[in-house]
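Please find below a colleague's note on the model under review.

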Amino acid sequence: SEIHFAIMLSLSTALISTILCIVIGVPAAYALARYSFRGKNIVNALLDMPLALPPLVAGLGLLLFFGTTGFGMGLAEMGLEFVFTPLGIIVAQWFVNMPFMLRIMRSTFESINPRYEYVAKTLGCSDSQALWRVTLPMSANGLFAGSVITLAKGIGEFGAALLLAGAIQWKTETLPIALFLNMSCGNLNMAISAA
């Protein structure tokens, strides 16, 4: 039953964080691929930063942000607690995996010739209609690839989730955390099950 709980928690948190990566990452990747603006290189560097950070460092940064800043404490007072909760797992997965979705979708959008959108506009589509009817269907393979990678990495996220959400049995115990907890206690059979 412990492993079943870990499986369900891992799948649900990874699915939610993947949906968040799609909702935020696809428009951001489209903007980065199609538009030029001042400071674009800085924005790219900031968005890629989680790739350069070890997951434990990212988790420590998230823990400090949500646990010690006025913003994090304000969210906690409103009922959005991220420290030592399943919400923290989702945030950690999203933070660590967002750059993967951004990179995949940005390269996907860059590979689609903008002339298709221009032609759609000459045929009566608005900007948003050209995006929904032309560009997004053409980017389906990239969206699928980004979603699968983000989901798989979300299920396996350990370092950032461990520091932000903790390793609380039956509360924040995802599969990697179940593996860690059972190995720590010397329960090899349960650790192998989690693995």
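**Notes on helix packing, ring pairs and cores**

1. The side chains of Asn-44 and Arg-106 are joined by a polar contact of 2.9 Å. The model is a predicted one, and the distances and angles in this note are to be read accordingly. Asn-44 belongs to helix α2. With residues up to four places away in sequence set aside, Asn-44 touches Leu-32 and Arg-106. Is Asn-44 buried or exposed? Its relative accessibility is 14%, under the 20% limit, so Asn-44 counts as buried.

2. Ile-42 is also placed in helix α2, which covers residues 40–52. Because its relative accessible area is 58%, and the threshold is over 50%, Ile-42 is classed as exposed. Between the C-alpha atoms of Ile-42 and Val-23 the separation is 22 Å, the two residues being 19 apart along the chain.

3. How many does a search of the whole structure find? The search returns seven aromatic pairs. In one of them, the ring centres of Tyr-30 and Phe-109 lie 5.3 Å apart with the planes at 90 degrees, so this pair is edge-to-face. The pair connects distant parts of the chain, 79 residues apart: Tyr-30 is in helix α1 (residues 2–34) and Phe-109 in helix α5 (residues 86–111). Both Tyr-30 and Phe-109 are buried.

4. The aromatic pair of Phe-158 and Phe-180 is tilted, with 5.5 Å from centre to centre and 55 degrees between the planes. Phe-158 sits in the loop between α8 (140–155) and α9 (159–165), while Phe-180 is in helix α10 (residues 175–185); the pair therefore ties together parts 22 residues apart in sequence. Phe-158 is partly exposed at a relative accessible area of 26%, and Phe-180 is likewise partly exposed at 38%. Elsewhere, ring pairs link Phe-65, Phe-66, Phe-71 and Phe-82 into a cluster.

5. Helix α3 (residues 55–68) comprises 14 residues. From first C-alpha to last, α3 reaches 19 Å, close to the 20 Å expected at 1.5 Å a residue. Which residues of α3 are buried? They are Ala-58, Gly-59, Leu-62 and Phe-66. Viewed down the axis of α3, the buried residues fall within an arc of 100 degrees, so they line one face of the helix. An α-helix has 3.6 residues a turn, so residues three or four places apart point the same way. The cover over the buried residues of α3 includes α4 (70–77), α5 and α9.

6. The largest nonpolar core has eleven residues, among them Ala-58, Leu-62, Phe-66, Phe-82, Val-96 and Leu-164. At least two residues of this core come from each of α3, α5 and α9. In soluble globular proteins, nonpolar side chains tend to be buried together. Ala-58, apart from its neighbours within four places in sequence, is in contact with Leu-53, Phe-95 and Val-96. There is also a second, separate core of ten residues, which includes Cys-21, Tyr-30, Met-101 and Leu-102.

7. Phe-66 is one of the buried residues of α3, takes part in the cluster of ring pairs and belongs to the largest nonpolar core. Tyr-30 is a partner in the edge-to-face pair and a member of the second core.

Technical notes:
Residues are numbered from 1 along each chain as its sequence is written. This is a predicted model: local features need pLDDT of at least 70, side-chain atom pairs count only at pLDDT 80 or more; totals for chains, interfaces and linings use all residues. Side-chain values use heavy atoms; hydrogens and water are left out. Helices (H or I, at least four residues) and strands (E, at least two) are DSSP runs, numbered from the N terminus. Buried means under 20% relative accessible area, exposed over 50%, partly exposed in between (1.4 Å probe, protein chains only). Rings of Phe, Tyr and Trp (its six-membered ring) pair if their centres lie within 6.5 Å; planes under 30 degrees apart count as stacked, over 60 as edge-to-face and the rest as tilted. The expected span of a helix is 1.5 Å times one less than its number of residues. The arc is that of the directions from the helix axis to the C-beta atoms. Contact means heavy atoms within 4.5 Å. A polar contact is a pair of N or O atoms within 3.5 Å; within protein, one must be able to donate a hydrogen and the other to accept it, and residues adjacent in sequence count only if both atoms are side-chain atoms. A nonpolar core is a set of buried Ala, Val, Leu, Ile, Met, Phe, Trp, Tyr and Cys residues joined through side-chain atoms within 4.5 Å.
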